[in-house]
Amino acid sequence: MKTLLMVSLAALMSVTAARAESLRIASSADFPPWESVDASNEIIGFDRDVGNEVCKRIGADCSWANQAFDGLLPGLQVGKYDLIISGLSINEEREKQVDFSAPYADAPNNIAALSNSAIAQAKDVKSLEQSLSGKVIGVQTGSTHEAVVRAHFKDAEIRLYDRPEQVADDIVAGRLDAGLMERSAWEGLLASRKDSGLTVAAPSITSADYAEFGRGQAIALKKGRDDLKKKIDEAVTAMLADGTVVKLSEKWFKYDVAFKKK
């Protein structure tokens, strides 16, 4: 009887494993602490931990790939990936292309410039806009930051970059007057450029200032995968309710970026 029970249990475990859904997740691992790569070229960060926890809760076997940011949504649409987890903000333009899970985070954004510039002295959003008139602003290609600058800083020249560190380096080199990125990205870039003169302007900018920032960060799926979306939504909602996302954000950001219902 014991042998029969063990065989039956092993068979059940085998069937369960066989039924586990295999999901391919892509992330642009150049935006710490959201995502980056370690010495072993392994993706690490807040989004990796969030994604791994979601996979655990929905019983999926997940693999990760590092993809340039502007290739994330096209890769998802053609079936190269099943999910995008890369600090991706929900906005109307992206919703035309893909579906989004319930949002799990909502991060503040900042303009950075050299400390001796008028831009760095701005104390509120209005003075920030005025200081950027006629200036050259760098943003990451395909980001909500690009959408914000195009919509609200129309007197400025926009330059597009593949990676955040390129924006920071060009400000230091004098090729840009300023850059717009998420707050935590600037923190890491400033820490590695301590004597460069690069600094963050005081006012943080959120979706309350500019709707183009979207409605929080979420997991992107190819349109039509409703069953998978439902499972992910349930997992994200539970992770917000039980404090998991808060714990992970404290681990990686040292402050809370968990999405709060407005």
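Student: Which residue forms a salt bridge with Glu-21, and how far apart are the closest N and O atoms?

Tutor: The general idea comes first: side chains of opposite charge can pair when their charged atoms come close. In this structure Glu-21 forms a salt bridge with Arg-225, and their closest N and O atoms are 3.1 Å apart. The term salt bridge means that a side-chain nitrogen of Lys or Arg is within 4 Å of a carboxyl oxygen of Asp or Glu. Glu-21 lies in strand S1 and Arg-225 in the loop between S12 and H9, so this pair ties together parts that are 204 residues apart in sequence. The labels H and S stand for helices (H or I, at least four residues) and strands (E, at least two), which are DSSP runs numbered from the N terminus.

Student: What should I know about the model before reading on?

Tutor: The model is predicted, so to speak of local features a pLDDT of at least 70 is needed, and side-chain atom pairs count only at pLDDT 80 or more, while totals for chains, interfaces and linings use all residues. Residues are numbered from 1 along each chain as its sequence is written, and side-chain values use heavy atoms, leaving out hydrogens and water.

Student: What average pLDDT does the protein chain have?

Tutor: pLDDT is the predictor's confidence in each residue, from 0 to 100. The protein chain averages 91, and 92% of the residues score at least 70. Over residues 2-9 the pLDDT is below 50, and this stretch has zero contacts (heavy atoms within 4.5 Å) beyond near neighbours in sequence.

Student: How many salt bridges does the count come to?

Tutor: The count comes to 20. One of them joins Glu-187 to Arg-183, with the closest N and O atoms 3.1 Å apart. These two residues are four apart in helix H8, which means that about one helical turn separates them. Salt bridges that share partners also join Glu-21, Arg-24, Asp-82, Arg-225 and Lys-231 into one network. Elsewhere, Arg-163 forms a salt bridge with Glu-165, their closest N and O atoms being 2.8 Å apart.

Student: In what order do the five strands of the open sheet stand?

Tutor: Strands of a sheet pair through backbone hydrogen bonds, either parallel or antiparallel. Two strands pair if DSSP finds at least two bridges between them. Here the order is S4-S1-S5-S12-S6, with mixed pairing. Strands S4 (60-66) and S6 (99-100) stand at the edges with a single partner strand each, so one side of each has no neighbour in the sheet. Within the sheet, two bridges join S5 (residues 83-84) to S12 (residues 220-221) in the antiparallel sense, and Leu-83 stands opposite Leu-221 in S12.

Student: Which helix lies across S1 and S4?

Tutor: Helix H2 (residues 46-58) does, running at about 155° to S4. Such angles, from 0 to 180 degrees, are taken between N-to-C directions of axes, which are lines fitted to C-alpha atoms, for helices over the stretch in contact.

Student: How many residues are in the largest nonpolar core?

Tutor: A nonpolar core is a set of buried Ala, Val, Leu, Ile, Met, Phe, Trp, Tyr and Cys residues joined through side-chain atoms within 4.5 Å. The largest has 43 residues, and Phe-46, Val-54, Tyr-104, Trp-186 and Ile-232 have the most contacts inside it. Among the elements that give two or more residues to this core are S1, H2, S4 and helix H8 (183-191). A second, separate core of 19 residues includes Ile-137, Val-139, Ile-205 and Tyr-210.

Student: Which strands pair with S10?

Tutor: Strand S7 (residues 109-114) is joined to S10 by four bridges and runs antiparallel to it, with Asn-110 and Met-181 as bridge partners. Strand S8 (residues 136-140) pairs with S10 in the parallel sense over two bridges, and Gly-138 stands opposite Gly-179. S10 (residues 178-182) is mostly covered: five of its five residues are buried.

How values were computed: Buried means under 20% relative accessible area, exposed over 50%, partly exposed in between (1.4 Å probe, protein chains only).
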